[in-house]
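Here are my notes for your first look at this fold. Keep the viewer open and follow along point by point.

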Amino acid sequence: MLLFPPPSPPLFSPANFTRNPRCRPSIFPQRLVAAAPAAVSNEVDAFTQSSGYLFDLSSSEAESLTEYNVSRIAAIYRRKPFILLRRLFQISTTLGKWFAFRYYDRITERSDLMFQVRAAELRKILVQLGPAYVKIAQAISSRPDLIPPSYLDELSLLQDRIAPFSTKVAFDTIEQELGLPINAIFSEISPEPVAAASLGQVYKARLRSNGKVVAVKVQRPGVRAAISLDILILRYLAGVIRIVGKLNTDLQSVVDEWASSLFREMDYKGEADNGIKFKQLYGSIKDVVVPEMYVEQTTRKVLTMQWIEGQKLAEVKDLYLIEVGVYCSFNQLLESGFYHADPHPGNLLRTYDGKLAYLDFGMMGEFKEELREGFIEACLHLVNRDYDALAEDFVTLGLLPATADKEAVTKALTDVFRNAVIRGVSNISFGQLLGNLGTTMYKFKFRLPSYFSLVIRSLAVLEGIAIGSNPNYKVLGSTYPWIARKVLTDSSPKLQSSLQTLLYKDGVFRIDRLESLLTESLRARTDRTVVKKQVEDESKMVMKQVLSFALNEKGASVREILLEEIAKGLDALGLATLDSMMSAMTANLPFRPYSSSSMTAEDITNLRTLQSLVLLLSRLQQTETSVTEVKGSSVTIQKPSSNEAALISGQEMLSVISELPQDLQQQLLRLPADLAGKLVSRVFARTVRRAFL
């Protein structure tokens, strides 16, 4: 469902409705002088005309379809075999005819000439077949990198420009559902829908109770019956395909998950509850707008919500708002776990004041905490090319059976992902990763858990919208900075353990991985920043971010790791200094006593780590490329490559520290004491060890 008004139709007063037995209600436009009332539209839409026979259910049968239950659906249509056969005949003949024409175009070498014609025909066929097929097409239409432009243009019309059903039927539904005459609920309402989608259509109205302008969504008649039968058919076909294709994924469970979400989407009361929860969780994110829900004027078939003015996000090509959408999606999927599972272009608007508005909260998903953490770990291990751990992550996520040959899987994953990852995280395409996995998934009996299909769809659709604005956009590359920041700051024991495992290998601290995480986490920004004239200002900003992160409560685990590694390095530096002094003292003696260095291989490694830590902050500035946004257009600033340009003077450091909040300054003052304690403890332990062992 989309509200993209300009230009909005005028509002009309329901108080002027004329009522008669034949046509109810009618509308007199307040600003028109007419001899006769303008009758409300009573046209029969293409879906009702072609598939209206599916609506013929008894009241008890219709009531039993309030939620998805495949056994109940099967029981209903077991008593209606002729409707089932008629539907199968309709689907096979309409789609079969279209495929036959496509084949004829190909053999007569006129495919290019007929491409646009066939695309328009397919759109009309899908509308005639109904919401289930429209929903599938909507998902495909969000991927401009997968389908030809002609089909993309036609299928995109299915997001919000489907032929509406009768306004008379819609107004009757409003009155029946809300139990009041329409003029008692609204002081004004548009005479025709401003948008129409697969499940319902939208009217612009003004509430009589408070004068607020609202969007009123009314459900199409017969959608539950049509979707129920189509899902029963699709579920049967999924079972056949799994058996014939010898697939490991339980395709029927995938259909069941999708069907359950579709049935929840048809419950507008539940959608209002979802919208309220979504607003509570994400409405405070900068530049994100979530409309208010009016629950008193909402039922299972009628939804009343705040009217939002704006344009499709895919049409305005605002890269900043796409980044806001990525950040909001990160919060949905990996922070709270409550996510928008249907973010197609029709449900994302750019408001006229430059904010991102989410609409349509019918199809939502829940991502459990253990799965969220498993997904984060999988992203970390993929980016860091730790394919052994990635194989284990796939087991955790339910993609691989626990009995799978992990060694063989690791080798296969290495072959699949090597080329994709070597170009860097910012160049990893989510769609390409899924495509490359195809053969491996089949060979090692991968399976797609039912929850995973909605998560994949949400991410794939988001990347598809972004690709429309920037063909080189990669959703994983934009999400990974937020993943890096979460790993560095989250208090979850599992993620802290993952951080330790990531940063240490065989007891050796891997400074390159910490640097990578810090560098990526600094890219996690959504503010509209102003282009800086001086590199020094950008350097100060980076330093301030690093210090703020390291000193606040969320950075406690990383701070402890850094203090421990610095203490090891200082201890090794002390040993190296002592060795150097002893060597200098004995250099001029006529004879040299036998001497051996007191430093071990571990001490040498610790000394190198200290040196790397000292250079870490300056390297962060050299490796980071800042993408800033000014008035909707992106500007890339490449940092100077010379070391001198990246170093911050002591005076600048003091300036940065003075700008930190008071509590962070206090934490900074406590660091020397904490470091000294760790260093003394280490020196004492080593002295005791060497004296008695």
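**Notes on the fold**

1. The axes of helix 22 (residues 493-503) and helix 23 (residues 511-522) cross at roughly 130° and come within 8 Å. Axes here are lines fitted to C-alpha atoms, for helices over the stretch in contact, with angles from 0 to 180 degrees between N-to-C directions. Leu 499, Leu 502 and Leu 503 of helix 22 meet Arg 513, Leu 514 and Leu 517 of helix 23, where contact means heavy atoms within 4.5 Å. Five of the residues in this contact are nonpolar, none is polar and one is charged.

2. A word on the source: this is a predicted model, in which local features need pLDDT of at least 70, side-chain atom pairs count only at pLDDT 80 or more, and totals for chains, interfaces and linings use all residues. Residues are numbered from 1 along each chain as its sequence is written, and side-chain values use heavy atoms, leaving out hydrogens and water.

3. Now the whole chain. It has 29 helices and 15 strands, which are DSSP runs numbered from the N terminus (helices: H or I, at least four residues; strands: E, at least two). Of the 693 residues, 50% are buried, meaning under 20% relative accessible area with a 1.4 Å probe, protein chains only.

4. Which residues have the most contacts inside the largest nonpolar core? They are Tyr 77, Ile 231, Phe 367, Leu 514 and Leu 517, in a core of 135 residues. Such a core is a set of buried Ala, Val, Leu, Ile, Met, Phe, Trp, Tyr and Cys residues joined through side-chain atoms within 4.5 Å. Another core, of 17 residues, lies apart from it and includes Ala 170 and Val 214.

5. Leaving aside residues up to four places away in sequence, Leu 514 touches Leu 488, Leu 503, Phe 509, Val 558, Leu 562 and Leu 616.

6. Next, strand 3 (residues 200-207): seven of its eight residues are buried, so strand 3 is largely enclosed by the rest of the structure. Seven bridges join strand 3 to strand 4 (residues 213-219), and the two run antiparallel; two strands pair if DSSP finds at least two bridges between them. Arg 206 stands opposite Val 213 in strand 4. These two strands form a hairpin with five residues between them, and Gly 211 in the turn has a positive phi of about 80°.

7. Finally, find the open sheet of four strands, in the order 5-10-9-7 with mixed pairing. Strand 5 (288-289) and strand 7 (310-312) stand at the edges with a single partner strand each, so one side of each has no neighbour in the sheet. Helix 14 (residues 319-336) packs on this sheet, touching strand 5, strand 9 and strand 10 (356-358).

Conventions:
Ala, Val, Leu, Ile, Met, Phe, Trp, Tyr, Cys and Pro count as nonpolar, Asp, Glu, Lys and Arg as charged, and the others, Gly among them, as polar.
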